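Here is a short briefing on one structure. Please keep the sequence and the model open while reading.

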Amino acid sequence: MSESFSDGMLIEESRRGSPVAFDALMQRYERLVYTVAWAHTRERESALDVTQEVFLKVYRKLGAYRGEGSFRSWLLRIAGRESLNWLRRHWRYRQSEELPADRAGSDPGAPESGLLREEGLRRLRAGVDRLPPRQQLAVQLRYFQGLRVREVAAVLGCSEGTGKNLLFRGVQKLREQMVECTVEREP
């Protein structure tokens, strides 16, 4: 059902009480909402909790959606707000994500290039973790999760121009950090 019906058609059917239509909307967007939630929480279970909260809120507020702009953008704004609310409630417990042990380069017998790549990824992740929160989220969503600038701006609740500015400043700070780290390591 999901593929052949537009968002508008599914929304109208959901408003009329069709659980099948709302389920189709959820299936269409659950991965995107989870991606936004994970970018904030960086924990699987927490991201799943946030995703569930987002869809509960969407279900309750679907009548308030006026159809101005895309449903996807509206949904992304809700996902961004719910994720930020989660961060506010759990800020003390948020820990930096470690790279999984099964990644290439973690094997002692891996080629040196794999080890260098892993080191670069660790430094990059540490650099992203040191960015201000809005820049950090913008960089994660754009470059690690593949969202378009328009979608990043929707999640952050800002204009597309502000989203571009946050991305530019975040990438610029990352470059500066990487250069500083390289200069410090040279003999």
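The model is predicted. Its largest nonpolar core has 45 residues. Helix 2 is the top contributor, giving 11 of them.

**Nonpolar core**
- V54, V58, F71, L75 and L141 have the most contacts inside the largest core.
- Seven stretches each supply at least two core residues: helix 1 (7-15), helix 2 (19-41), helix 3 (44-61), helix 4 (71-90), helix 6 (133-144), helix 7 (149-156) and helix 8 (160-185).
- Leaving aside residues up to four places away in sequence, V54 touches V33, L75, I78, A79 and E82.

**Helix 7**
- Helix 7 is mostly covered, with 7 of its 8 residues buried.
- The buried set is V149, E151, V152, A153, A154, V155 and L156.
- G157 follows helix 7 and has a positive phi, near 70°.

**Helix 2 against helix 6**
- Two packed helices are described by the angle between their axes and the distance between the axes.
- For helix 2 and helix 6, the angle is about 140° and the axes lie 10 Å apart.
- Angles over 145 degrees would count as roughly antiparallel, so helix 2 and helix 6 are oblique to each other.
- The crossing of helix 2 past helix 6 is right-handed.
- On the helix 2 side, T35, V36, A39 and H40 make the contact; they meet L137, Q140 and L141 in helix 6.
- The residues of this contact divide into 4 nonpolar and 3 polar, with no charged ones.

Notes
Residues numbered from 1 in each chain as written. Predicted model: local features only at pLDDT ≥ 70, side-chain atom pairs only at ≥ 80, totals over all residues. Heavy atoms only, no water. Core = buried A, V, L, I, M, F, W, Y, C linked by side-chain atoms within 4.5 Å. Buried < 20%, exposed > 50% of the residue type's maximum accessible area, 1.4 Å probe, protein only. Helix = DSSP H or I, 4+ residues; strand = E, 2+ residues; numbered from the N terminus. Contact = heavy atoms within 4.5 Å. Axes fitted to C-alpha atoms, helices over the stretch in contact; angles between N-to-C directions. Parallel < 35°, antiparallel > 145°, perpendicular 65-115°, else oblique. Left-handed = near helix turned anticlockwise from the far one by under 90°. Nonpolar A, V, L, I, M, F, W, Y, C, P; charged D, E, K, R; others polar.
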